[in-house]
Amino acid sequence: MELPTGIPMTGILTESVHLNALFRPDYAQSAGDPDAAAQLFPLTAAKYLPRVLVVDEERLVRWSLGEMLTGAGYQVVDAQNVREARAAMADEAHPVDVMLVDPKLPDGDGLLLVREARHRHLTCPVLVMTSCGSVDTLEAALSAGADRVILKPFDLDDLLRLIRQ
């Protein structure tokens with residue numbers, strides 16, 4: 001592929017005042033002038049990425065949820081146990097927007113984390129992910145403060161729709 005001036009294209013073009021000055025005469029007056037360039041290409045603040053805390057002892061579950069959520073525009077923090085999840089919940093500089101919690105963790109009860117989140121007045125949605133679909137598990141999760149209970153294995157697209165709600 002060749003550019004309009006006959007220069008062969010060897011890579012991907014990037015939007016810059018200098019490059020556009022070559023092909024767009026109206027941009028030429030801004031080349032080398034940061035104030036004029038700022039008017040043509042204003043900087044915007046970085047987009048806020050909602051933060052999702054994924055708490056599960058299974059590495060593959062954390063990885064697959066992390067990949068899916070990151071690809072969907074979320075910042076993901078994963079925790080493999082109660083200790084790591086508490087540290088993430090305590091980070092006031094980076095609040096959690098959604099929590100995904102497995103009730104069975106190697107160093108404690110995931111439902112205790114849900115209670116602690118509500119005790120800290122975290123108002124984010126909390127989804128409990130469990131492979132045990134008993135009525136007792138459902139009632140325990142909801143009474144701990146969970147907004148929803150999701151049965152494993154679950155469809156990632158369905159989970160993403162729940163998180164976006």
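**Ground rules.** I number residues from 1 along each chain as its sequence is written, and side-chain values use heavy atoms, without hydrogens or water. As the model is predicted, local features need pLDDT of at least 70 and side-chain atom pairs count only at pLDDT 80 or more, while totals for chains, interfaces and linings use all residues.

**Asn81.** I found Asn81 in the loop between β2 (75–79) and α5 (82–90); helices (H or I, at least four residues) and strands (E, at least two) are DSSP runs, numbered from the N terminus. Asn81 is buried at 10% relative accessibility (buried is under 20% relative accessible area, exposed over 50%, partly exposed in between; 1.4 Å probe, protein chains only). Its side chain comes to 2.8 Å from the backbone nitrogen of Glu84.

**Arg51.** Next I looked up Arg51, which sits in strand β1 (residues 51–55). Arg51 is buried too, at 8%.

**Salt bridges.** I counted 7 of them in the structure (a side-chain nitrogen of Lys or Arg within 4 Å of a carboxyl oxygen of Asp or Glu). One of them pairs Glu116 with Arg86, with the closest N and O atoms 2.7 Å apart. Glu116 is in helix α6 (residues 110–119) and Arg86 in helix α5, so this pair ties together parts 30 residues apart in sequence. Glu116 is buried at 17%, whereas Arg86 is partly exposed at 32%.

I also noted Lys152 with Asp102, at 2.5 Å between the closest N and O atoms. Both residues, Lys152 and Asp102, are buried.

Conventions
Polar contact = N/O pair within 3.5 Å; in protein donor to acceptor, adjacent residues only side chain to side chain.
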